[in-house]
There are 4 protein chains.
Amino acid sequence: MPKVSEAHRHNRRRQILDAAIECFARHGLQRTSMEDIIRESRLSAGAIYLYFQGKDQIIERLADERHYREKQLIQQGLAQQDWTKSFGHLVRNFYVSLENPAEQKERRLGIHLWAEALCNPKVLRLIRRGLDQPRELLSQAIAEAQADGRLRKDIDSIAAARILIAMFHGLILQRAWDDRTDIECFVKAAQAMTDSYFSISSGGRG
Amino acid sequence: MPKVSEAHRHNRRRQILDAAIECFARHGLQRTSMEDIIRESRLSAGAIYLYFQGKDQIIERLADERHYREKQLIQQGLAQQDWTKSFGHLVRNFYVSLENPAEQKERRLGIHLWAEALCNPKVLRLIRRGLDQPRELLSQAIAEAQADGRLRKDIDSIAAARILIAMFHGLILQRAWDDRTDIECFVKAAQAMTDSYFSISSGGRG
Amino acid sequence: MPKVSEAHRHNRRRQILDAAIECFARHGLQRTSMEDIIRESRLSAGAIYLYFQGKDQIIERLADERHYREKQLIQQGLAQQDWTKSFGHLVRNFYVSLENPAEQKERRLGIHLWAEALCNPKVLRLIRRGLDQPRELLSQAIAEAQADGRLRKDIDSIAAARILIAMFHGLILQRAWDDRTDIECFVKAAQAMTDSYFSISSGGRG
Amino acid sequence: MPKVSEAHRHNRRRQILDAAIECFARHGLQRTSMEDIIRESRLSAGAIYLYFQGKDQIIERLADERHYREKQLIQQGLAQQDWTKSFGHLVRNFYVSLENPAEQKERRLGIHLWAEALCNPKVLRLIRRGLDQPRELLSQAIAEAQADGRLRKDIDSIAAARILIAMFHGLILQRAWDDRTDIECFVKAAQAMTDSYFSISSGGRG
DNA sequence: AATGAATGAGGCTTCATTCAT
DNA sequence: TATGAATGAAGCCTCATTCAT
């Protein structure tokens with residue numbers, strides 16, 4: 001039976017995870033030592049191990065956290081009735097998030113996790129899970145719009161969802177490599193592209 | 001006078017780099033030890049250091065190599081007269097490459113390098129350089145097509161190039177995380193999207 | 001707040017330095033591996049690095065320690081009123097120290113440091129500093145005795161101090177190379193030489 | 001049967017030994033790698049091993065060479081009839097040699113060999129042998145002068161020889177640590193000291 | 001005789017994790 | 001619960017020496 005409250009345990013975990021995010025985003029997963037996380041969290045080596053089994057578990061926990069944020073962004077975006085507005089919101093949310101420094105930090109961490117997933121089955125599973133749900137949400141929204149006659153029908157809704165996500169991920173990369181990358185400009189062009197793509201009339205010609 | 005030919009030296013370097021690609025792609029940059037590369041290359045520890053200054057230099061050399069392949073794919077694709085065909089080729093080349101197992105291996109390595117770039121200035125510079133040229137090639141091709149009246153003109157050619165690259169990178173990620181990802185399907189939808197985007201007639205309505 | 005006392009930290013440092021002295025004296029600075037020091041100190045590899053930055057720092061610390069002992073020997077020797085007695089004490093202290101096994105070990109280490117100083121600027125600085133103070137103490141004592149009329153005056157007190165130190169160092173070498181070297185005999189002759197050198201009456205003839 | 005002349009072999013050995021002297025004097029015995037000697041000698045790795053069994057043998061050969069020079073200096077010095085002149089010559093030769101840059105290089109090497117002798121039995125034997133002969137020459141000269149009534153007799157000639165050598169060695173050290181050390185000044189004082197020491201009249205008072 | 005690429009044991013150091021307090 | 005000193009396996013790299021040419 002724990003002597004401290006669950007709230008305390010939660011705060012400690014948060015403290016550790018935040019320190020890890022900071023370090024991982026800055027130096028990468030492998031280049032960050034437990035020592036770094038210990039220092040950043042202002043806790044002791046032993047304390048970390050009271051709350052996490054080890055470095056890998058911290059990484060996994062962070063990988064797991066990532067997709068809450070993604071899902072949230074997408075759900076907020078898709079909460080609109082009209083598809084065009086809906087998608088506009090989605091892109092807008094995404095855009096705003098990329099300009100936010102705290103978010104940028106997490107995006108950098110996200111990229112490290114993308115690479116980690118390639119050789120860490122647990123992280124891979126979490127990344128996949130974090131990808132599946134957004135893709136489902138998007139493709140369902142697209143399919144619904146198609147069913148309602150709001151979008152051209154000759155498009156594979158899943159492939160379309162993949163494309164949107166790919167564009168998101170691709171922009172995250174370009175932005176991470178060069179923070180002068182003009183997101184506004186990218187987003188405007190992306191919206192134009194998706195508009196022309198999804199609109200019924202152009203569908204007639206596809 | 002050198003005891004062995006320059007060709008021999010080149011082969012040795014290749015041998016080491018290929019071993020490194022194999023290891024890095026499988027286990028990531030940091031999880032791969034020099035011991036791994038030594039074993040995979042079937043050379044001795046000392047021999048590696050006759051050809052490279054250390055692990056970092058091997059990573060940098062591989063990061064440098066990456067963009068030759070990218071440029072090659074894009075140049076081959078853009079070598080067509082007609083923009084639509086040209087872009088079709090580009091996408092086709094890219095698609096074929098992703099189905100190639102050897103290429104898949106390098107794409108995995110590429111993702112590790114993307115993450116490495118975030119905390120390794122030398123790799124970042126190489127990644128950027130490898131990104132700049134393809135973007136230039138693409139945006140120039142787009143601008144030329146616009147000037148010739150083959151494409152709608154209300155699109156920022158650089159942003160459009162960024163979007164195409166982002167889609168490429170995003171697909172690489174999805175494919176790396178799940179090799180059942182249907183590239184054919186993705187590519188067909190992407191072509192439809194870009195066609196509708198760039199085509200003059202839809203431009204009139206955009 | 002530190003978990004262990006400062007005394008504990010000091011003891012650990014001492015433990016490591018003593019192990020290093022043992023190894024360095026026996027096998028030389030470069031031939032002694034960290035592995036050797038680790039084994040001799042009965043600590044673990046990691047523990048050493050909690051107390052010293054590396055092998056070089058251990059060497060530097062030992063070079064720094066040396067001159068405390070030298071200064072101590074000289075100050076004890078010069079604490080007498082009468083120059084002749086004073087110098088006699090000095091030589092006696094020195095002589096006794098050379099017969100002490102623990103001191104012999106440190107003298108061997110000292111010789112290794114003399115060589116190290118030739119290609120290690122930090123050690124050189126420490127050796128010089130360790131040499132300057134004894135020379136100053138000696139030359140001042142000599143100069144004072146000259147001013148008081150107790151010693152002939154036509155001698156450069158600094159050169160005289162250098163000579164005394166040179167004799168000391170030279171004897172340390174001969175003793176290190178052959179522990180059958182008769183120190184008693186050497187010291188007696190050295191005292192006779194310095195007596196005849198410094199004494200007023202002989203000064204009249206010099 | 002060798003294909004090249006003995007002279008050629010001798011030259012090659014000299015070439016290697018000179019390169020080794022250069023490197024050892026500059027960086028010490030252990031910090032000098034065979035690679036360094038190879039580069040300095042402008043020969044190949046394999047060539048070195050045609051002429052020496054390995055690094056240790058080069059060191060030993062150099063330790064062996066040292067005492068020829070010492071003996072030469074002493075014999076030249078002692079070749080005089082008159083003891084005082086004789087000793088003056090000895091000191092003078094020694095002094096001149098210390099101002100010679102080439103000699104300084106060898107003196108630095110010598111110091112490294114002094115340390116090496118402490119943990120290398122072969123070098124120790126050579127150093128001892130190189131020390132024994134000069135000491136014998138000196139003590140014999142002193143004893144002869146004593147027998148002839150030219151020097152006071154109440155001095156152990158061996159101890160006196162040891163003292164002279166100790167002073168030499170000690171000056172070599174001080175000069176190696178600080179090349180601004182005034183040798184002229186030291187030598188003058190040393191001559192004064194030995195004069196007053198050895199002279200008959202002062203002997204009456206000793 | 002000469003070359004220099006290759007070997008592989010061994011050196012220094014880091015770091016995830018544990019455990020006595 | 002909390003601490004942080006301690007552990008020791010494992011990482012990167014060097015270097016004396018060998019051997020095919």
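Mentor: In this predicted model, chain A and chain B bury about 4,400 Å² between them, and carbon and sulfur atoms give 66% of that area. On the side of chain A, three residues stand out: Leu118(A), Trp177(A) and Met193(A) supply 20% of the area that chain A buries against chain B, more than any other three residues. The contact draws 50 residues from chain A and 50 residues from chain B.

The polar part of this interface may be taken next. Between chain A and chain B there are ten residue pairs in polar contact, with both residues at pLDDT 80 or more. Two salt bridges are found across the interface of these chains. One of them joins Arg31(B) to Glu116(A), with the closest N and O atoms 3.0 Å apart. The helices of chain A that each supply at least two residues of the side touching chain B are α1 (6-27), α6 (101-117), α7 (121-147), α8 (157-177), α9 (183-198) and α10 (200-205). Of the side of chain A that touches chain B, α8(A) provides the largest share, with 13 residues. Sorted by class, the residues on that side of chain A are 25 nonpolar, 14 polar and eleven charged.

The same surface serves both copies, since 98% of the contact residues of chain A recur in chain B.

The setting within chain A also deserves attention. Chain A is divided into domain 1, residues 1-52, and domain 2, residues 60-205. Taken over C-alpha atoms, the centres of domain 1 and domain 2 of chain A are separated by 30 Å. Eleven residues of domain 1 of chain A are in contact with ten residues of domain 2 of chain A. The area buried between these two domains of chain A is about 970 Å², and carbon and sulfur atoms give 67% of it. Ile21(A), Ala25(A) and Leu29(A) supply 52% of the area that domain 1 of chain A buries against domain 2 of chain A, more than any other three residues.

This boundary inside chain A has polar links as well. Two salt bridges are counted between domain 1 and domain 2 of chain A. In a salt bridge of chain A, the side chains of Glu22(A) and Lys105(A) meet at 2.7 Å, N to O. The side of domain 1 of chain A that touches domain 2 of chain A consists of seven nonpolar, two polar and two charged residues. Across the interface of domain 1 and domain 2 of chain A there are four residue pairs in polar contact, both residues being at pLDDT 80 or more.

The other pair of chains can now be set beside the first. Chain C can be laid on chain D with an RMSD of 0.2 Å by a turn of 179 degrees and a shift of 0.0 Å along the axis. That is the relation of a two-fold axis. Of the interface residues of chain C, 98% are also interface residues in chain D, so the copies meet through the same surface. The area buried between chain C and chain D is about 4,400 Å², with 66% of it on carbon and sulfur atoms. Leu118(C), Trp177(C) and Met193(C) are the residues of chain C that lose the most area to chain D, together 20% of what that side buries. In this contact, 50 residues of chain C meet 50 residues of chain D. Two salt bridges are found across the interface of chain C and chain D. In one salt bridge, the side chains of Glu116(C) and Arg31(D) meet at 2.9 Å, N to O. On the side of chain C that touches chain D, α8(C) gives the largest share, 13 residues.

Finally, some chains stand apart. Chain B and chain C do not touch, and their nearest C-alpha atoms are 21 Å apart. Chain A and chain D do not touch either, with their nearest C-alpha atoms 31 Å apart.

Key:
Residues are numbered from 1 along each chain as its sequence is written. Chains are lettered from A and ligands numbered from 1 in the order in which they are written. This is a predicted model: local features need pLDDT of at least 70, side-chain atom pairs count only at pLDDT 80 or more; totals for chains, interfaces and linings use all residues. Side-chain values use heavy atoms; hydrogens and water are left out. Copies are superposed by least squares on the C-alpha atoms of residues with pLDDT of at least 70 in both. Contact means heavy atoms within 4.5 Å. Buried area is the accessible area (1.4 Å probe) that two parts lose on being put together, summed over both. A salt bridge is a side-chain nitrogen of Lys or Arg within 4 Å of a carboxyl oxygen of Asp or Glu. A polar contact is a pair of N or O atoms within 3.5 Å; within protein, one must be able to donate a hydrogen and the other to accept it, and residues adjacent in sequence count only if both atoms are side-chain atoms. Helices (H or I, at least four residues) and strands (E, at least two) are DSSP runs, numbered from the N terminus. Ala, Val, Leu, Ile, Met, Phe, Trp, Tyr, Cys and Pro count as nonpolar, Asp, Glu, Lys and Arg as charged, and the others, Gly among them, as polar. Domain bounds come from an automatic or database domain assignment.
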